[in-house]
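I am opening a notebook on this protein, and I mean to write down each thing as I look it up. The sequence and the model come first, and my entries follow.

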Amino acid sequence: MSGVIELGELRHGDQPEPPPPRARRPPAAPARVLALCCAALLTLAGAAPAPRRPPGVSVPAPHDAHFLVVADRLIVAEWPDPTGRGGREVVGYGLPGGAPVWRFTLPDGDDVTGLWAVAGLSLVTSGPPGSDSARTTALDPRTGSIRWRQPGYPVPTQAGGVLVEQPGRTDTIRAVDPGSGTVRWSMPFPDSGMVYGFGDRGVTAAVLLTDDGRVEVYDVDTGALRRAGRLPPTDGRAPYRLTQVVGDLLLVDASGTVTAYGLDRLDRRWTLPVRRDGATWFADCAEVICRRDQASGLRTYDPVTGRLRWSDDHWTDARRVGDRLLAVAPAGGPAVELAVLDPGAGRALAGLGRWRLADVDRNGSRLLGFRPVVGGRTLVAELDVSAAQVRYRAVLPGSWGDCVAADAALVCRSPAGGLMVWPDGR
């Protein structure tokens with residue numbers, strides 16, 4: 001399998017189409033119109049085609065293989081197939097050349113269940129087929145040598161550490177130094193489980209909430225108990241159902257209303273009515289708390305008072321990226337319409353167009369979008385939310401399912417199986 005990235009000037013039909021007009025708010029003031037026009041021009045300026053690159057290199061991989069890039073290594077893990085074969089080997093390839101550098105074979109009886117990049121290491125999670133037990137092995141991405149092993153699943157923390165846990169089993173939560181594997185702290189895994197708060201790089205806080213309202217808030221870096229207390233009892237019709245940690249708030253739903261408590265003092269902040277079917281979603285959206293119900297658009301609330309800040313029925317999802325929001329709306333099939341929003345006011349800073357997204361949670365990889373173009377090819381672009389820009393990366397021959405953009409190369413998966421590596425010419 002071989003391929004050439006065709007870059008240079010995109011032909012007619014290859015350029016991303018502008019998003020369709022939609023009814024939102026009353027006509028804006030002239031100053032706002034001028035600002036949006038400037039933002040659009042800046043976005044198009046950042047979307048200039050990249051220089052031509054040399055032909056790609058084929059890397060063997062099954063159709064369902066998982067892959068990621070750590071430093072100058074492409075790490076490929078083979079999932080087991082339905083016949084029980086495969087799934088026991090992880091291979092490291094050098095970038096940008098794509099030559100195999102090392103192979104790691106899992107312990108007897110284990111299959112690959114996860115692949116992660118944490119603190120410059122490759123973490124491989126494996127376990128016996130059909131079992132809920134697991135072990136995590138940290139590999140040096142350059143050599144494939146084992147740095148450490150721990151039983152359980154890894155959960156990266158915001159500060160660069162790793163929690164290792166084994167839910168559903170009598171075990172402990174352990175905070176592990178990612179470089180050495182040394183256990184920094186540990187505690188018994190609670191029967192009721194842990195609720196985590198997440199930042200853009202990992203867990204920020206761990207909260208235990210029991211059915212009778214007992215709350216314990218732990219620092220994930222030191223294991224110290226930051227706060228303990230008890231919430232008011234429910235009305236008896238249901239236990240605490242929905243529990244989320246969003247920013248510095250603990251959100252608890254007991255009987256159709258969500259109440260926000262501050263993590264530092266467990267003080268009650270505000271209460272909002274929610275759907276009783278549990279189809280309500282909250283997230284940290286920088287200056288605001290985002291809320292989306294299954295049948296409605298995006299709503300945002302002040303995290304201090306709980307008051308509605310702004311709403312938009314067009315957007316169905318949003319994700320915090322730094323101090324901005326990436327807003328999402330369905331655009332037909334797997335494609336979505338994307339825009340960069342000011343989180344405080346909901347104002348559109350730039351439209352990014354319609355794209356089919358790559359895996360946005362692949363260990364903090366750059367956000368990539370895909371679109372079919374003339375000639376059965378695929379346009380790949382990097383969607384830079386912070387800069388409110390679309391940067392064209394490649395026009396690939398054929399159809400491609402997923403890509404990872406790294407400093408050394410662009411790595412893409414073919415729907416027919418196998419990976420292609422193209423050196424990055426930037």
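**Entry 1: a run of paired strands**

I began with strand E15 (residues 203-209) and E16, and found that they pair in the antiparallel sense over four bridges. For my own use I note that strands (E, at least two residues) and helices (H or I, at least four) are DSSP runs numbered from the N terminus, and that two strands pair if DSSP finds at least two bridges between them. What I am reading is a predicted model, in which local features need pLDDT of at least 70 and side-chain atom pairs count only at pLDDT 80 or more, while totals for chains, interfaces and linings use all residues. Residues are numbered from 1 along each chain as its sequence is written, and side-chain values use heavy atoms, with hydrogens and water left out.

Which residue of E16 is the bridge partner of Leu208? I found Glu216 in that place. The hairpin of E15 and E16 has four residues between the strands, and in it Gly213 takes a positive phi near 95°.

I then followed E16 onward to strand E17 (residues 225-230), and these two also pair in the antiparallel sense, over five bridges. Here Arg214 has Arg230 in E17 as its bridge partner. Six residues lie between the strands in this hairpin, where Gly223 takes a positive phi near 80°.

Is strand E16 mostly covered or mostly exposed? I noted that E16 (residues 214-218) is mostly covered, with four of its five residues buried, where buried means under 20% relative accessible area, exposed over 50% and partly exposed in between (1.4 Å probe, protein chains only).

**Entry 2: another hairpin and an open sheet**

Strand E12 (residues 172-176) and strand E13 (residues 183-188) pair in the antiparallel sense over five bridges, and Ala175 has Trp185 in E13 as its bridge partner. Their hairpin has six residues between the strands, and Gly181 in it takes a positive phi near 85°.

Next I looked up an open sheet of four strands, in the order E22-E23-E24-E25, with antiparallel pairing. Strand E22 (280-285) and strand E25 (308-312) stand at the edges with a single partner strand each, so one side of each is left without a neighbour in the sheet. Neighbouring strands of this sheet are turned by 20° against each other on average, direction ignored, with the axes being lines fitted to C-alpha atoms and angles running from 0 to 180 degrees between N-to-C directions. Within the sheet, strand E24 (residues 298-301) is joined to E25 by four bridges, and Tyr301 stands opposite Leu308 in E25.

**Entry 3: charged pairs**

I counted a salt bridge wherever a side-chain nitrogen of Lys or Arg is within 4 Å of a carboxyl oxygen of Asp or Glu, and by this rule the count comes to 19.

Asp110 and Arg135 meet in a salt bridge through their side chains (2.8 Å, N to O). Asp110 lies in the loop between strand E5 (100-105) and strand E6 (111-118), and Arg135 lies in strand E8 (residues 135-139), so the pair ties together parts that are 25 residues apart in sequence. Asp110 is buried, with a relative accessible area of 1%, whereas Arg135 counts as partly exposed at 33%.

The side chains of Arg320 and Asp284 also form a salt bridge (3.1 Å, N to O). Since Arg320 lies in strand E26 (residues 317-321) and Asp284 in strand E22, this pair ties together parts that are 36 residues apart in sequence. I read Arg320 as partly exposed at 38% relative accessibility, and Asp284 as partly exposed at 24%.

**Entry 4: the whole chain and its confidence**

The protein chain has one helix and 35 strands, and 50% of its 426 residues count as buried.

Where is confidence lowest, and where is it highest? With pLDDT as the predictor's confidence in each residue, from 0 to 100, I found the lowest mean, 39, in helix H1 (residues 30-45), and the highest, 97, in strand E28 (residues 336-341). Over residues 18-48 the pLDDT is below 50, and beyond near neighbours in sequence this stretch has 33 contacts in the model, a contact being heavy atoms within 4.5 Å. The chain averages a pLDDT of 81, and 78% of the residues score at least 70.
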